[in-house]
Amino acid sequence: MTKAKLLRTRMDERGLVHIMAAHSPLSAILAEEAGFDGLWASGFELSALYGLPDMSLISMTQHLDMLRAIAGRSSLPIVADIDTGYGNAINIIHAVSEYERAGACAVVIEDKTFPKVTSLVVGGRQELLRVEEFQGKIEAAVATRQNPDFLVIARTEAFIAGLGEAEALNRAAAYAEAGADMILIHSKKKDPSEIEGFSRAWKGSVPLVIVPNAFPDLDASRVKALGNIAMMIYGNYGIRAAATAMQETFRCIIADGGVQNVHRDILPVEDIFRLQGMDRTKSDEAKFLK
Ligand code: SPV
Ligand code: MG
């Protein structure tokens with residue numbers, strides 16, 4: 001079974017899948033160990049890893065290189081965050097074929113103009129494409145995929161742009177009509193009212209995807225009760241957790257004048273050896289180094 005088929009089957013069987021953001025192969029390995037159903041090749045996380053804002057500054061090549069490295073070290077299906085698709089429908093054709101070949105099982109394409117501005121920042125410039133133009137991008141993605149199980153997920157930023165529920169519903173319906181397999185509905189409100197309202201009003205045939213970054217109270221039990229959300233993406237939790245741990249540890253080392261205290265609170269190096277696959281290398285050495 002392909003990974004794309006596996007992701008679809010899991011959604012059918014479980015009703016809801018949990019997809020964790022990964023910005024590196026190591027974060028992907030940790031997400032797999034923790035029990036997530038899949039990985040989110042997040043544009044926000046990779047931008048942050050480079051110390052840059054999430055504003056179309058990271059190139060497709062940089063994102064693809066990381067996705068390939070992640071795919072090489074994890075067996076989980078990967079949902080690729082391709083932002084606006086790096087341009088128009090022609091750029092989408094190129095992007096979808098590259099991402100599918102690199103090992104992605106799904107792409108999420110958002111209906112903003114290129115270059116985009118990250119969704120959650122206060123006062124961000126949020127411009128949306130014409131509906132027909134974005135429909136063309138979705139149609140191009142659907143026509144390009146090789147594996148029919150590869151998911152084309154259309155993301156509307158109508159709430160992010162302050163355009164309200166009617167516009168969000170109208171756009172979502174138009175994108176489903178263009179062939180999107182799922183609709184990602186995003187919101188920067190601190191409570192889940194926009195998402196819950198949208199979910200209740202959504203009468204389309206395709207399921208929804210959410211990214212509960214701004215509205216953390218919307219947990220899996222509340223999501224399941226809504227009945228039409230099939231994927232939860234934990235969009236910036238990997239990089240925030242990593243930054244928290246590094247910030248605390250680095251400050252302690254400076255404050256303590258050494259590593260005499262922090263070494264008790266962080267993973268021993270033997271755990272890192274295990275995550276690196278050192279055991280396998282040792283047995284290969286015993287077998288092949290003659
Ligand atoms: C990402 O993780 O890159 C996302 C989610 O697109 S958000 O940053 O909330 O827009
Ligand atoms: Mg993103």
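Start with the contacts of Ser-199. Leaving out residues up to four places away in sequence, Ser-199 touches Leu-208, Leu-226, Asn-228 and Ile-229. Keep in mind that this is a predicted model. Ser-199 sits in helix α8, residues 193-201. Is Ser-199 buried or exposed? It is buried, because its relative accessible area is 3%, and the cut-off for buried is under 20%.

Now the domains. The assignment for the chain gives domain 1, 3-236, and domain 2, 243-288. Their centres, taken over C-alpha atoms, are 32 Å apart. Five residues from domain 1 and four residues from domain 2 make the contact.

How much area is buried between domain 1 and domain 2? About 310 Å². Carbon and sulfur atoms give 54% of that. On the domain 1 side, Leu-26, Glu-33 and Arg-73 lose the most area to domain 2. Together they account for 72% of what that side buries.

Next, the polar side of the interface. Between domain 1 and domain 2 there are two residue pairs in polar contact. One salt bridge is found across the interface. As for Glu-33, its side chain meets that of Arg-274 in a salt bridge, at 2.5 Å, N to O.

Which helix gives the largest share of the domain 1 side that touches domain 2? Helix α2, residues 25-34, with four residues. By class, that side of domain 1 has three nonpolar residues, two charged and no polar.

Technical notes:
Residues numbered from 1 in each chain as written. Chains lettered and ligands numbered in written order. Predicted model: local features only at pLDDT ≥ 70, side-chain atom pairs only at ≥ 80, totals over all residues. Heavy atoms only, no water. Helix = DSSP H or I, 4+ residues; strand = E, 2+ residues; numbered from the N terminus. Buried < 20%, exposed > 50% of the residue type's maximum accessible area, 1.4 Å probe, protein only. Contact = heavy atoms within 4.5 Å. Domains from an automatic or database assignment. Buried area = accessible area lost by both parts, 1.4 Å probe. Salt bridge = Lys/Arg side-chain N within 4 Å of Asp/Glu carboxyl O. Polar contact = N/O pair within 3.5 Å; in protein donor to acceptor, adjacent residues only side chain to side chain. Nonpolar A, V, L, I, M, F, W, Y, C, P; charged D, E, K, R; others polar.
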